[in-house]
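User: Hi! I'm new to reading protein models and would like to walk through one with you. Could you help me with it?

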Amino acid sequence: MSQDLFQAPDYYQLDDLLTDEHKLVRDAAREWVKREVSPIIEDYAQKAEFPTQIIKGLAEIGAFGPYIPEEYGGAGLDQISYGLIMQEIERGDSGVRSTASVQSSLVMYPIWKYGNEAQCQKYLPKLASGEFMGCFGLTEPDHGSNPSGMVTNFKDKGDHYLLNGAKMWISNAPFADIAVVWAKDESGRIHGLVVERGMEGFTTPTTHNKWSLRASATGELIFDNVKVPKENLLPKKSGLGAPLGCLDSARFGIAWGAIGAAMDCYDTALRYSKERMQFGKPIGAFQLQQKKLAEMITEITKAQLLAWRLGVLRNEGKATSAQISMAKRNNVDMALKITREARQMLGGMGITGEYSIMRHMMNLESVITYEGTHDIHLLITGLDVTGLNAFK
Ligand SMILES: Cc1cc2nc3c(=O)[nH]c(=O)nc-3n(C[C@H](O)[C@H](O)[C@H](O)COP(=O)(O)OP(=O)(O)OC[C@H]3O[C@@H](n4cnc5c(N)ncnc54)[C@H](O)[C@@H]3O)c2cc1C
């Protein structure tokens, strides 16, 4: 990839709404991404490999458990800082942001919120430092948008649980040390269990041939009569609401992260439009190209405002799941549209790995699907405003 010249757009002076701490956290993440992610990420995406050497740096910028209390090794930050970190990481690559989101919101969050003190002490500090990496198993081969239909299950065998089933499309699975797995007990109620690598009958085959999120490792989780110690069940919450609570936190991070990818594409297209000459003029002087840029910065600014307001509501404990759905859906869709427009603005160069745009575009095809598809989030808003369930 060519040199990272990124300059963040802030058309409505939103920096004025941030505290000094927010800006410090954001700027540290921005500098780290420029230094450690941008120079290598194209190569890793081409190779379809996650760059494990950046795990330590991700931990150092607070990307693993930004809002987890410091007593458990987290950064103890607020929700807006969490969002800003996700924005900066996804400015570099959605796959890297996915790894951080999973670790924070889908592994540390359920252990912190639904686990007991011993589980928090055992796992959270190691997850915060990156010594342990985690994954989250909800989706199954036959149950994606409808996780309540899951068939993965466990039976009480007296001194342990016996876990059987399979999960699919699991980010971080190939290298995760632990998995937070959602499974039904004998009465059909959903619980979270911490499954550790090395437990007999537990395997994590890698998913190959992805054209999207290539720098993020994806795999399956297979449970073949896995004996899970009873102390590994997360005791404080059960039912579908437990995994959905984790998804709220992760979707919030995605709503911010997608802005990062959009800002990167806008910034690249803007710079290119001033340098690329055709018909004796920079292409940025043509009305058609200005329309694209003007619409991009308008949509980015609207998305920034949505994310910031949602952050305030989350800090106050007032954000609803439906509000989070709206922001995730809007901001990812916005980012994907911007990648497509920006790609066209670069002409043939837009399809190469010299620029980040095509990689962002391919990545966002996963982001618009995972953590609730674009359609599912629309149905959530529809249900919220009408009170009528159109899911089934
Ligand atoms: C790269 C990647 C990483 C992922 N990481 C994880 C992870 O770490 N952990 C995890 O648990 N999962 C993960 N997922 C899974 C992801 O959350 C699912 O792919 C997603 O929830 C959609 O499920 P599905 O793929 O089975 O699609 P389906 O549910 O089969 O949906 C197919 C289509 O039907 C539509 N549809 C479904 N139901 C309805 C309805 N009622 N009304 C209208 N339309 C409907 C959907 O919107 C979609 O367009 C990941 C996925 C990808 C691609």
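User: At what angle do helix α8 and α10 pack, and how far apart are their axes?

Analyst: Helix α8 (residues 321–345) packs against α10 at an angle of about 140°, and their axes are 9 Å apart. That angle makes α8 oblique to α10. Angles under 35 degrees count as roughly parallel, over 145 as roughly antiparallel, 65 to 115 as roughly perpendicular and the rest as oblique. Keep in mind that this is a predicted model: local features need pLDDT of at least 70, side-chain atom pairs count only at pLDDT 80 or more, and totals for chains, interfaces and linings use all residues. Residues are numbered from 1 along each chain as its sequence is written.

User: What are the axes and the helices here, by definition?

Analyst: Axes are lines fitted to C-alpha atoms, for helices over the stretch in contact, and angles run from 0 to 180 degrees between N-to-C directions. Helices (H or I, at least four residues) and strands (E, at least two) are DSSP runs, numbered from the N terminus.

User: Which residues of α8 and α10 make the contact?

Analyst: From α8 come Ala322, Ser325, Met326, Lys328, Arg329 and Asp333, and from α10 come His374, His377, Leu378, Ile380, Thr381 and Asp384. Two residues are in contact if their C-beta atoms, placed from the backbone, lie within 7 Å. By class, the contact of α8 with α10 has 4 nonpolar, 4 polar and 4 charged residues. Ala, Val, Leu, Ile, Met, Phe, Trp, Tyr, Cys and Pro count as nonpolar, Asp, Glu, Lys and Arg as charged, and the others, Gly among them, as polar.

User: New topic! How is the protein divided into domains?

Analyst: There is domain 1 (14–129), domain 2 (134–232) and domain 3 (241–386). These bounds come from an automatic or database domain assignment.

User: How many residues of domain 1 and domain 3 are in contact?

Analyst: On the domain 1 side 28 residues are in contact with 28 residues of domain 3. The helices α1 (20–47), α3 and α4 (94–114) each supply at least two residues of the side of domain 1 that touches domain 3. The largest share of that side, 11 residues, comes from α3.

User: How do the axes of α3 and α6 cross?

Analyst: Helix α3 (residues 79–92) and helix α6 (residues 241–275) have axes that come within 7 Å and cross at roughly 40°. That makes α3 oblique to α6 too. Among the residues that meet are Tyr82, Leu84 and Met86 in α3 and Phe252, Trp256 and Met263 in α6.

User: And how do α3 and α4 pack?

Analyst: The angle between α3 and α4 is about 145°, with their axes 6 Å apart. In this pair, Met86, Ile89, Glu90 and Gly92 of α3 meet Ser94, Val96, Arg97, Ala100 and Ser101 of α4.

User: Last one: where does the ligand lie, and why?

Analyst: The ligand's shell takes residues from both domain 2 and domain 3, so it lies between them. Of the 22 residues around the ligand, Leu138, Gly144, Ser145, Thr373 and Asp375 come nearest. A residue is near a molecule or strand if its C-beta atom, placed from the backbone, lies within 6 Å of it. At least two residues of the shell come from each of β1 (134–137), β3 (160–171) and α10 (374–386).
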